[in-house]
Amino acid sequence: MGEDEAGAPGGSQPDKKMAYHKVNAEQRAQGHSPYLDSDDLQATALDLEWDMEKELEEPGFDHFRLDGATQHPLGTARSPDLDLEPVQPSTSPRGKFQRLQEDPDYISHYTRPAPKSNRCRFCQMLKVLCTVLIVFILGILIGYYAYKKCPPSPTSPEPNNPHVYQEILKEIKAENIQQIYRDLLQFPGEEDTDVAMKILARWTSHGLEDVQLANYSVLLDLPSSSLNTVTLRSSGECFYPSGRQCNRETKKLHSRDLPYSYAAYSAKGTLEAELVDVQYGTVEDLVRIQAITEVTKKIALLKLGQSPLLYKLSLLEDAGFGGVLLYIDPCDLPKTAELADKAFMVSLNSGGDPSTPGYPSSDGIYRQNRSNLTTLLVQPVSAVLVKKLISLSEDDIRKDRCIPLELPATDKKIISLNIQSVTTYKTISNVIGYLKGTVFPDRYVVIGSHHNSLNSYGGQEWASSTAVITAFIEALMLKAKRGWRPDRTIVFCSWGGTSFGNIGSYEWAEDLKRVLQRNVVAYVSLHNPVRGNSTLHPVASPSLQQLAAESQSFSCVDKTKCPGSNVSSVQIQGDSDYFINHLGVPATQFSYEDVKTSENSSFLFEALFPVHTTKTEELDPSFRLHETIAKLTAQVTLRIASEPVLPFNALDIALEVQNSLKGDQVDTHQLLAVASRLRDTAELFQSDEMRPANDPKERAPIRVRMLNDVLQSLEKSFIVRQAPPGLYRNILYRLDERTSQFSVLLEALEHCKLYQSNETIQAALSEVLNSINSAQVYFKAGLDVFETALAGKK
């Protein structure tokens with residue numbers, strides 16, 4: 001053998017050569033005789049036995065060893081003086097052993113039986129090897145066919161698997177929502193913190209992680225013991241806001257409702273002045289009124305609707321009015337609503353704790369003294385009282401159609417308005433619970449409802465929204481307990497102080513502003529989910545419109561109740577306000593409403609009616625509408641939380657911008673040019689980046705993260721620095737379905753008519769132009785980042 005073979009494993013080469021030489025020496029001593037005597041045969045057999053053991057240890061037999069068998073060292077390294085003379089094949093132990101077997105007289109001459117130990121050892125090794133191979137092959141075959149017929153269920157299923165969504169949605173049932181709703185109404189009269197604690201306990205009992213209370217001491221404007229009144233000077237008749245006459249019996253019978261017919265944060269005091277009918281308080285209405293009469297310190301008779309209340313009040317305040325009687329015209333209400341004789345509550349707070357504007361109400365924070373947020377004395381009243389004030393008789397009411405209420409121009413009414421309320425600090429509580437994500441735990445999908453706040457108006461709607469979000473949590477945690485988790489963290493919120501101006505959500509968001517700016521990817525609202533029973537009304541920011549539309553067809557159980565309504569981007573009420581207008585977070589909301597009877601019906605939701613007038617179980621006795629809203633909301637939330645690439649649409653934003661510039665009465669040539677560039681960039685972004693990222697074969701984790709970071713901030717460019725009161729700072733949202741233009745441009749045009757100045761319109765045009773250009777630059781920067789990354793990769 002060569003030098004390389006001599007060093008092969010399987011035995012010590014010097015020992016082998018000694019064995020070989022020993023056999024050769026005996027052969028030479030016997031004269032190479034093929035016949036041996038009995039003694040020599042016995043000795044030779046023993047030598048052969050020893051040689052066979054060595055032979056089995058040669059390299060050619062290494063594969064018979066079992067894996068993991070102990071290897072014993074056979075000595076130290078070779079000494080340089082060892083005999084390395086090559087062994088001839090004719091004298092090798094293997095050759096001699098074979099010749100002995102081939103000799104026909106070998107058996108007869110070999111009188112001693114061969115040792116059993118060597119044979120047994122060889123056979124055992126062979127049997128073990130065969131057994132291992134057979135078991136291994138059978139295991140592969142069994143595993144293959146078992147997997148083919150019945151794929152194993154992983155501990156955590158594919159997050160964006162539609163089957164996972166369906167399993168969760170199946171657990172959301174109408175009867176469960178109804179039971180939760182009834183349980184919640186067992187404690188409607190308790191303090192805000194007490195209600196929040198019970199919601200927290202329920203969420204925790206279902207396994208939701210890290211549920212906590214976020215408490216804030218905030219300034220609230222509450223009714224006083226002295227009731228607000230309206231008095232006719234001509235007759236001396238005194239009325240409560242509901243239209244009932246002032247007397248002890250009325251006060252006693254309606255003690256629960258009467259105090260809450262007020263405007264929170266209104267100015268306080270008494271004002272006696274002429275009543276001036278300004279209808280809806282539009283710019284045209286004010287121009288008409290100011291042309292015929294002096295309005296300073298007078299009381300405006302104002303209809304709710306058509307545009308935001310705070311915006312109309314700001315116009316009246318600028319015009320010099322001293323007070324406002326606010327009501328809802330019955331012609332603007334759905335036919336199913338019986339609210340003509342009901343007064344209501346409104347809040348004049350644009351958002352958050354008035355004493356800490358722009359920062360959270362934490363301990364040690366400086367607080368401003370802001371007992372009222374307007375100089376106007378504002379009082380909501382019922383349509384019944386308005387009819388009495390304008391002396392409308394039953395003969396003037398036609399049964400075939402509704403005639404809008406209007407004060408005759410020749411009829412002058414002097415009234416005395418008395419408004420009293422008390423500002424005080426109260427603790428409001430938010431319930432916040434987290435279901436941590438597995439892939440992007442630092443990215444949040446926030447879903448919010450609200451709960452009852454200090455016996456204020458808002459009816460049973462708070463119980464509806466809280467029941468829906470609680471039912472979703474219960475269904476979700478059933479799946480989570482079996483190992484499933486979303487990719488992103490879902491944050492469940494029940495807000496306090498909503499009816500006073502979304503105070504709970506504002507304070508929490510201001511407290512965590514830096515974190516939320518970086519982490520929140522979307523807000524899903526459950527504010528008053530069932531306001532009627534005739535029409536599904538989905539609202540979504542432009543980047544989420546496609547997702548909201550797809551979810552309708554996916555989630556609807558009763559197709560007749562879910563016709564696939566058009567999704568719009570319009571201003572909505574509720575706690576999504578801060579997320580939309582300060583954080584630029586994409587938002588969506590599903591709700592059922594009644595068919596609107598008038599184009600002036602928008603913004604009627606700003607009125608909060610007493611508890612007993614909102615008959616949730618009459619609107620939806622089977623709670624099927626609640627179930628549909630819950631499933632739609634859950635579907636959208638799950639897709640945003642679990643799809644690897646955020647399901648946002650950049651191109652829809654560009655299209656919305658272009659549509660909002662159509663029909664404007666100002667020169668928008670430059671705006672259209674920038675909007676066209678934005679659309680081109682968005683199309684490139686959508687096709688070059690979104691499409692491959694949604695293909696699992698082309699998806700790379702680092703690119704997905706980069707892409708999601710871009711998608712997350714698509715709408716932030718459209719937040720203007722300032723907007724008129726009541727109008728969204730996020731210009732992607734229109735005032736209502738009737739208007740398609742940017743609301744800030746519409747308001748600027750109105751302002752020009754009222755004050756004969758172009759400064760406002762020029763400022764608004766600059767804000768819109770800057771927003772569109774910023775968005776185009778942002779999209780372009782996102783494309784450049786990906787192109788650079790691709791070039792580096794290549």
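**Figure 1. Serine 449 and its contacts.** Setting aside neighbours within four places in sequence, serine 449 is in contact (heavy atoms within 4.5 Å) with Ser465, Thr466, Ile469, Cys493, Ser494, Trp495 and Leu526. This is a predicted model, with residues numbered from 1 along each chain as its sequence is written, where local features need pLDDT of at least 70 and side-chain atom pairs count only at pLDDT 80 or more. Totals for chains, interfaces and linings use all residues, while side-chain values use heavy atoms, with hydrogens and water left out. Serine 449 sits in strand β12 (residues 440-450); helices (H or I, at least four residues) and strands (E, at least two) are DSSP runs numbered from the N terminus. With a relative accessible area of 2%, serine 449 is buried. Buried means under 20% relative accessible area, exposed over 50% and partly exposed in between, using a 1.4 Å probe and protein chains only.

**Figure 2. The whole protein chain, for context.** The chain carries 25 helices and 16 strands. Of its 794 residues, 52% count as buried. Take the contacts with a separation of 6 or more: residues 24 or more positions apart account for 83% of them.

**Figure 3. Valine 636 in helix α20.** Look for valine 636 in helix α20 (residues 624-642). The residue is buried, at a relative accessible area of 2%. Beyond its neighbours within four places in sequence, valine 636 touches Val524, Leu547, Ser551, Thr588 and Phe590. Glutamine 589 is 47 residues away along the chain, and its C-alpha is 9.7 Å from that of valine 636.

**Figure 4. Helix α14 crossing α20.** The axes of α14 (residues 461-480) and α20 come within 10 Å and cross at roughly 55°. That makes α14 oblique to α20. Axes here are lines fitted to C-alpha atoms, for helices over the stretch in contact, with angles running from 0 to 180 degrees between N-to-C directions. Angles under 35 degrees count as roughly parallel, over 145 as roughly antiparallel, 65 to 115 as roughly perpendicular, and the rest as oblique. On the α14 side, Ser464, Val468, Phe472 and Leu476 meet His626, Ala630, Ala634, Thr637 and Leu638 of α20. By class, that's six nonpolar, three polar and no charged residues. Ala, Val, Leu, Ile, Met, Phe, Trp, Tyr, Cys and Pro count as nonpolar, Asp, Glu, Lys and Arg as charged, and the others, Gly among them, as polar.

**Figure 5. Helix α11 alongside α24.** Here α11 (residues 283-292) and α24 (residues 743-755) pack at about 5°, with axes 10 Å apart. So α11 is roughly parallel to α24. Val283, Glu284, Leu286, Val287 and Gln290 of α11 make the contact with Glu750, Lys753 and Leu754 of α24.

**Figure 6. Proline 360 in a loop.** Proline 360 belongs to the loop between β8 (346-347) and β9 (377-380), and is buried, with a relative accessible area of 15%. Aspartate 511 is 151 residues away in sequence, yet the two are 5.2 Å apart in space, C-alpha to C-alpha. Apart from neighbours within four places in sequence, proline 360 is in contact with Ile365, Glu507, Glu510 and Asp511.

**Figure 7. Helix α23.** This helix (residues 701-712) has 12 residues and reaches 16 Å from first C-alpha to last, close to the 16 Å expected at 1.5 Å a residue. The expected span is 1.5 Å times one less than the number of residues. Its buried residues are Arg703, Val704, Leu707, Asn708, Val710, Leu711 and Gln712.
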